[in-house]
Amino acid sequence: MSTPLRGSTAFPYQLVATDLDGTLLRSDQSVSERTREALAAATAAGAAHIVVTGRSAPWTRPVLEDLGYQGLAVCGQGAQVYHVGEDRLLTSVTLDRQLAGVALAKIEAEVGPLFLAASRDGLDGEVLVGAGYSVVGALPSTPLTDVADLWAAPLNKIYIQHPTLTDDELAEVAGRTAGGFVSVTMAGEGIVELLPLGLSKATGLSLAARRLGLKAADTIAFGDMPNDLPMFAWSSYGVAMGNAHTDLKAVADEVTGANDEDGIAVVLERMLG
């Protein structure tokens, strides 16, 4: 993945890919003025900025509106390529619900009952939250009172939590027992996800980049969690935030400051000169 910084232009990359939570967003869910200015300077130098997030499009839209963002965003862990300016999904990948049911059964046979939530497909897709599942932050959700309703409409992903296992432990068990049916990733504290098999942030980012006429060699990526590993592997240069998971730091080309320390801006400012 690691390559020398290329070219003698004002900015060495044509595409800046940033995760949202724990990366572009500070702990208070804001984007600092310094980071806004650094991204604006990168785009003024000719680079495109693409948000690449585990959030589904409905959960991403308010942040993008605050940024005045009009381009492409990769949402739902790569499942959705969303054209913000046109408010439409260009691509959308859904979870095979039969395979997901098998995956859940296999995981629960190993570790016991899980707490569940699920993200429904579409620009207005709800996030359904079952009993016992703890939603991180203040994102909008709909109570799931009947587990049968989980399968009533197309889904992008299923979220799982366990009463005693850590996120790392749950992700390991889920991947080991159900990895032949779904992809498993950890996107943040309390956020272990079951995705369509083979789906990752790299899938969506590559599709979005292609629409812009760009490729992996043109891309610098910023992230903080294991779900950013495929994006780093695809991109030319991967920058882990100071608050990042150790697995991501281990493969990063660079570790910058934390999200609350304007880590993205630190790197972009240096590269812009």
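Analyst: Contact here means heavy atoms within 4.5 Å. The model is predicted.

User: Why does T219 count as buried?

Analyst: Buried means under 20% relative accessible area. T219 has 0% relative accessibility, so T219 is buried.

User: What makes the approach of the T219 side chain to K215 a polar contact?

Analyst: A polar contact is a pair of N or O atoms within 3.5 Å, one able to donate a hydrogen and the other to accept it. The side chain of T219 reaches the backbone oxygen of K215 at 3.0 Å, and 3.0 Å is within that limit.

User: Why is K201 called buried?

Analyst: The value for K201 is 0% relative accessibility, and the limit is under 20%, so K201 counts as buried. K201 is found in helix 5, residues 201-211.

User: What does K201 touch, not counting residues up to four places away in sequence?

Analyst: K201 touches D19, V52, T53, G54, V74, Q77, G78, N227, D228 and M231. For V52 there is also a distance: its backbone oxygen lies 3.1 Å from a polar atom of the K201 side chain.

User: Where is A79, and why does A79 count as buried?

Analyst: A79 sits in the loop between strand 3 and strand 4. Its relative accessible area is 0%, under the 20% limit, and therefore A79 is buried.

User: Which residues is A79 in contact with, leaving aside neighbours within four places in sequence?

Analyst: They are T91, S92, V93, N156 and L199. A79 and L195 are 116 residues apart along the chain, yet their C-alpha atoms are separated by 8.6 Å.

User: Why is A171 called buried, given a relative accessibility of 18%?

Analyst: The cut-off is under 20%, and 18% falls below it, so A171 is classed as buried. A171 is part of helix 4, residues 167-178. Not counting residues up to four places away in sequence, A171 touches V184 and V192. A171 and I160 are 11 residues apart in sequence and 9.2 Å apart in space, C-alpha to C-alpha.

User: How do you know what span is expected of helix 1?

Analyst: The expected span is 1.5 Å times one less than the number of residues. Helix 1 (residues 33-44) has 12 residues, and the expected value is 16 Å. The helix reaches 16 Å from its first C-alpha to its last, close to expectation.

User: Why are the buried residues of helix 1 said to be on the same side?

Analyst: The buried residues are T35, A38, L39 and A42. They cover an arc of only 95° around the axis, which puts them on the same side of helix 1. The face turned away from that buried side carries the exposed residues E33, E37 and A44. What covers the buried residues includes strand 1 (15-18), strand 2 and helix 8 (263-272). Just after helix 1, G46 takes a positive phi of about 110°.

User: Which residues of helix 2 are buried, and what covers them?

Analyst: In helix 2 (residues 57-67), the buried residues are A57, P58, W59, T60, R61, V63 and L64. The cover includes strand 2 (48-52), strand 3 (72-75), strand 4 (80-83), strand 5 (88-92), strand 7 and strand 9. Just after helix 2, G68 has a positive phi of about 70°.

User: What makes strand 4 and strand 5 a pair?

Analyst: Two strands pair if there are at least two bridges between them. Strand 4 and strand 5 have four bridges, in the antiparallel sense, so they meet the condition.

User: What is the order of the strands in the six-stranded open sheet, and which strands are at its edges?

Analyst: The order is 8-7-6-9-11-10, with mixed pairing. Strand 8 (142-144) and strand 10 (183-188) are the edge strands, because each pairs on one side only. From one strand to the next the twist averages 30°.

User: What packs on this sheet?

Analyst: Helix 3 (residues 97-111) packs on it, touching strand 6, strand 9 (155-161) and strand 11 (191-195). The direction of helix 3 makes about 10° with that of strand 9.

User: How many bridges join strand 6 to strand 7?

Analyst: Three bridges join strand 6 (residues 115-120) to strand 7 (residues 127-130), and the two run antiparallel. With at least two bridges needed, three are enough, so the strands count as paired. S119 stands opposite V127 in strand 7.

How values were computed: Residues numbered from 1 in each chain as written. Predicted model: local features only at pLDDT ≥ 70, side-chain atom pairs only at ≥ 80, totals over all residues. Heavy atoms only, no water. Axes fitted to C-alpha atoms, helices over the stretch in contact; angles between N-to-C directions. Buried < 20%, exposed > 50% of the residue type's maximum accessible area, 1.4 Å probe, protein only. Arc of directions from axis to C-beta.
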